[in-house]
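Let's take a walk through this protein together. Keep the picture open while you read, and look for each spot as we reach it.

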Amino acid sequence: MSTITTRGDDLATLRASVTGDVLLAGDAGYAEAASCYNLAIQHRPAVLVVAADTSDVAAAVRFATTNDHPIAIHATGHGVARPSDGGVLIVMSRLTGVQVDPVSRTARIEGGAKWAAVMPLATEHGLAPLVGSTTDVGAVGYTLGGGFGWLGRRYGLSSDAVRWFDLVTASGEELRASADENPEVFWALKGGGGGSLGVVTAMEIELFPVTEVYAGNLLYPAFMARDVIRRWRDWSARQDERLTSSFVLMNFPPLDEVPEPLRGQSFVMVRGCWSGDLDEGAAIIDEWREWRPPVMDMFGRMPFAMNDMISQDPPDPMPAMVSTEWFDELEDEAVEVLVRAGLPEPGRPPMLVMTEVRHAGGAVKRNAAGAANDRGRSGELLLEMVGIVVSPHAGLALEAHLRHTRKALAPFVTGATYLNFTEGEEKQHRTASAFSPHHLARLQAVKAVLDPDDVFCHGFAIPQG
Ligand SMILES: Cc1cc2nc3c(=O)[nH]c(=O)nc-3n(C[C@H](O)[C@H](O)[C@H](O)COP(=O)(O)OP(=O)(O)OC[C@H]3O[C@@H](n4cnc5c(N)ncnc54)[C@H](O)[C@@H]3O)c2cc1C
């Protein structure tokens with residue numbers, strides 16, 4: 001742990017000027033405030049500021065820049081790039097206000113609010129945000145990286161739905177970024193802004209009239225993986241944009257909290273969410289039921305408010321490692337690599353918990369040209385691989401497995417990166433591949449104006465222009 005050096009009585013001034021908490025290592029509440037959903041990643045800031053309002057954020061930024069400390073931003077720890085180590089960590093967990101306006105169909109969301117705080121307020125008016133697989137992630141952090149959820153092919157990424165952001169910049173100033181005010185900053189934040197351009201204290205997003213969906217999972221035995229994946233590839237390509245679907249190779253862990261028929265078992269799953277006429281949705285899924293009866297059928301009508309039931313991501317923090325790739329099409333050889341990587345070899349434990357390929361295209365791809373992260377959202381099929389780091393040794397093996405799998409997939413992928421599906425060093429190493437050269441140059445120009453000294457160096461790693 002590095003020790004904090006400050007000029008004069010800056011720390012005392014900071015303490016006196018913020019409404020929230022200023023914590024140093026060893027202080028009560030420090031470890032809890034810095035803890036991440038991903039337990040494999042640990043923030044170790046010299047000074048941690050739990051901001052209670054925008055002026056606390058601005059005070060923390062000024063304190064950091066005066067004392068030459070880098071700034072990391074923490075909402076939930078679902079998507080850390082470079083953890084804070086000896087700098088200033090601005091914790092957003094108290095900035096959780098949400099207001100929904102059913103008339104304008106918008107939600108105003110503070111910088112640390114999870115989607116879980118937005119969903120009930122929106123769905124009570126028959127409206128839905130472009131939330132992802134779990135409402136446990138921070139709405140702003142998710143949106144700054146794009147935000148691809150179960151309505152994605154129909155309405156686009158969450159970043160497409162933003163009306164404005166309120167941003168505290170490296171100089172400690174507050175600015176509004178929208179189509180009319182600071183439009184270039186607005187553009188940059190939508191897909192290029194994760195932790196690297198300033199602190200978003202609030203955003204306003206558009207909501208969509210989705211109440212009930214036909215959604216869920218069909219589980220087939222793992223030995224059917226190749227057949228199911230090839231069939232899904234052809235079937236999903238025929239579906240219109242009201243369906244966002246995926247296939248999943250799932251290795252349920254042998255843990256007590258996993259129900260008995262699934263515990264320790266492997267499956268290939270067809271997963272998705274249809275937001276059109278519900279009978280039409282049922283008919284589309286019936287094609288699978290008629291083809292081969294699944295061993296478990298969890299597809300059906302559900303309120304969109306129950307979105308989390310589709311992916312059933314684990315709610316409790318866990319030590320995880322993720323990686324990703326984009327395909328324009330899924331060739332048989334790539335299917336073979338995915339099946340071998342994603343399912344256990346006989347007699348051996350699986351390396352990955354989940355290997356999912358989501359059907360993107362649709363509005364995800366159509367809106368790409370205008371978005372900052374144009375390359376990072378332009379493919380048709382988006383792979384995400386997730387493994388659990390059960391020990392440091394297993395972590396090394398998992399890292400090697402992900403690296404080998406990506407190498408084997410190299411001939412079949414586009415080389416672009418969807419940054420929300422990366423964490424740790426990989427997020428920073430692959431940042432540039434989310435942007436076309438022209439968009440990267442625009443992003444660098446915004447970064448050069450907003451944060452010329454790269455104080456916000458813990459998020460997306462925007463290279464110096
Ligand atoms: C279980 C799980 C499921 C997921 N499902 C999806 C999904 O379906 N679709 C999808 O697109 N992504 C998904 N993600 C990825 C997730 O959206 C990203 O990891 C996102 O960055 C998480 O944001 P956070 O604020 O919750 O996390 P944090 O780790 O706290 O923050 C992540 C990054 O965002 C920055 N950030 C957060 N808040 C602010 C702010 N107010 N101002 C400026 N920067 C900020 C941080 O600096 C950091 O760089 C998932 C991740 C997990 C672990």
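Start with helix α8 (residues 225-238) and helix α11 (residues 332-342), whose axes come within 10 Å and cross at roughly 135 degrees. That angle makes α8 oblique to α11, since angles under 35 degrees count as roughly parallel, over 145 as roughly antiparallel, 65 to 115 as roughly perpendicular and the rest as oblique. The axes are lines fitted to C-alpha atoms, for helices over the stretch in contact, and angles run from 0 to 180 degrees between N-to-C directions. Helices are DSSP runs (H or I, at least four residues), and they are numbered from the N terminus.

Before going on, a word about what you're looking at: this is a predicted model, where local features need pLDDT of at least 70 and side-chain atom pairs count only at pLDDT 80 or more, while totals for chains, interfaces and linings use all residues. Residues are numbered from 1 along each chain as its sequence is written, and side-chain values use heavy atoms, with hydrogens and water left out.

Now, which residues of α8 and α11 make the contact? On the α8 side you'll find Ala-225, Arg-226, Ile-229, Arg-230 and Arg-233, and on the α11 side Asp-332, Val-335, Glu-336 and Val-339. Contact here means heavy atoms within 4.5 Å. These residues divide into four nonpolar, no polar and five charged; Ala, Val, Leu, Ile, Met, Phe, Trp, Tyr, Cys and Pro count as nonpolar, Asp, Glu, Lys and Arg as charged, and the others, Gly among them, as polar.

Next, find helix α7 (residues 183-192) and helix α15 (residues 437-450), which pack at about 115 degrees with their axes 10 Å apart. So α7 is roughly perpendicular to α15. Here Glu-184, Val-185, Trp-187, Ala-188 and Gly-192 of α7 meet His-439, Arg-442, Leu-443, Val-446 and Leu-450 of α15. By class, that gives six nonpolar, two polar and two charged residues.

What about the cysteines? A search of the whole structure turns up zero disulfides (pairs of cysteine sulfur atoms within 2.5 Å). For Cys-36, the nearest cysteine sulfur belongs to Cys-457 and is 16 Å away. Cys-36 counts as buried at 6% relative accessibility, and Cys-273 is buried too, at 0%. Buried means under 20% relative accessible area, exposed over 50%, partly exposed in between (1.4 Å probe, protein chains only).

Last stop: Val-413, in the loop between α13 (392-409) and α14 (425-429). Val-413 is buried, with a relative accessible area of 18%. Leaving aside residues up to four places away in sequence, Val-413 touches Glu-325, Trp-326 and Phe-327.

How values were computed:
Helices (H or I, at least four residues) and strands (E, at least two) are DSSP runs, numbered from the N terminus.
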